[in-house]
Amino acid sequence: MFEMSCLALFASCSEEKLSELKTKDILVIDGCPEDCGKKVMHERGIESYKWLRITDLGFVKGKTPTSQQIIKEVYDKAVICAE
């Protein structure tokens with residue numbers, strides 16, 4: 001079972017909340033080669049997480065149309081990364 005959270009929470013939360021988040025299994029999904037999610041984790045001192053960059057799957061941010069097939073492909077890859 002997965003739980004979703006926004007990247008802004010990791011960037012802006014209190015140290016107390018950050019300590020709580022660090023106890024969870026985290027999968028960061030970056031949508032482009034800028035790697036903002038990975039950078040936020042680094043800046044907040046979170047080193048234990050898994051990471052997936054969508055562009056590594058061949059999708060281009062803002063240009064790849066959304067479809068059920070693409071959603072399934074990204075989800076399936078995320079499940080594999082989260083294991």
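**Figure 1. Overall fold of the chain.** The chain has four helices and two strands, with helices (H or I, at least four residues) and strands (E, at least two) taken as DSSP runs and numbered from the N terminus. Along the sequence the order is α-α-β-α-β-α. This is a predicted model: local features need pLDDT of at least 70, side-chain atom pairs count only at pLDDT 80 or more, and totals for chains, interfaces and linings use all residues. Residues are numbered from 1 along each chain as its sequence is written, and side-chain values use heavy atoms, leaving out hydrogens and water. The C-alpha atoms fill a box of roughly 40 × 25 × 15 Å along the principal axes.

Figure 2. Among contacts with a separation of 6 or more, 47% join residues 24 or more positions apart; a contact means heavy atoms within 4.5 Å.

**Figure 3. The buried side of helix H3.** H3 spans residues 36-43, and its buried residues are Gly37, Val40 and Met41. They lie on the same side of H3 because they cover an arc of only 100 degrees around the axis, the arc being that of the directions from the helix axis to the C-beta atoms. An α-helix has 3.6 residues a turn, so residues three or four places apart point the same way. Cover for the buried residues of H3 includes helix H1 (7-12) and strand S1 (27-30).

Figure 4. Exposed His42 and Glu43 sit on the face turned away from the buried side of H3. Gly45 follows H3, with a positive phi near 75 degrees.

How values were computed
Buried < 20%, exposed > 50% of the residue type's maximum accessible area, 1.4 Å probe, protein only.
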